[in-house]
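Q: I would like to learn how to read the backbone of a model. Where do we start?

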Amino acid sequence: MLLVAGAATAASADGPQTRGDRPFASCPNGYVGLTYDDGPNPSSTYALLNALQAGGARATFFIWGQHAQQYPDLLRAEVSAGMWIGNHTWSHPHLTQIGEPNAYNEIAQTQNVIQQITGQTPTLFRPPYGETSAQVRSDAQRLGLTAEVLWNVDSQDWNGASTAQIVQAASRMQNGSIILMHDGGYQTTVAAVPQILSGLASRGLCPGRIVSGANMQPVVTAP
Ligand SMILES: [Zn+2]
């Protein structure tokens, strides 16, 4: 009787759901990290959030501090939509070339403005251009950032890639992959979202959450 009752409960919980309601309910082949850099941006943030939410996906937004200060409502909308927020410096400099305390301050001011606007202190850090050093990592760690998040798939959206090319790049993702895209006003990037999500679902992959692993390395897990 208990087994039957348990099975009936499970069936009634899952039965009414369709794939459309829960597109990523099953993730047999693991998780990937979708990342959008350089926003918030009034030309693309809301469109990206709408596309991601429509597809049942969450992503990580690596934001500029000065853009957060300029568009605080957009940053709050990202959080409200269930997105994760990472630190991408105040003004996107070449951190390894500007010296100290400039590099530290670029990261610190961004931590502060994100904390003020969202009430959250980021733990994820992405250095502009992927340019880093032991000094940059030390700065980030002192500020509570516990993962340095680079990428292993580059969508090339920043370099004029078409929507089809962005989708093609995303098709190379495997379990644990992190893809670089941009909240930079590119309509190509926005238009690619539905096809990226359907492609992942068809391959048994789900958009995941990026968390901190050993030695500031990122790990992609279930949301
Ligand atoms: Zn960037």
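A: With the elements: helices (H or I, at least four residues) and strands (E, at least two) are DSSP runs, numbered from the N terminus. This is a predicted model, in which local features need pLDDT of at least 70, side-chain atom pairs count only at pLDDT 80 or more, and totals for chains, interfaces and linings use all residues. Residues are numbered from 1 along each chain as its sequence is written.

Q: Where does Pro 101 lie?

A: Pro 101 sits in the loop between strand E3 (84–87) and helix H5 (102–118).

Q: What is the peptide bond from Glu 100 to Pro 101, cis or trans?

A: Most peptide bonds are trans. The bond from Glu 100 to Pro 101 is cis, with omega near 10°. Another cis bond runs from Gly 39 to Pro 40, where omega is near -5°. Pro 40 belongs to the loop between strand E1 (31–37) and helix H2 (45–54).

Q: What is phi of His 92, positive or negative?

A: Most residues other than glycine have a negative phi. His 92 has a positive phi, near 65°, and is placed in the loop between E3 and H5. Met 216, also not a glycine, has a positive phi of about 65°; its loop joins strand E9 (209–212) and strand E10 (218–221).

Q: Why does His 92 count as partly exposed?

A: A residue is buried if 20 or more other C-beta atoms, placed from the backbone, lie within 10 Å of its own, exposed if 12 or fewer, and partly exposed in between. His 92 is partly exposed because it has 17 other C-beta atoms within 10 Å. Met 216 is partly exposed because it has 16 C-beta neighbours inside 10 Å.
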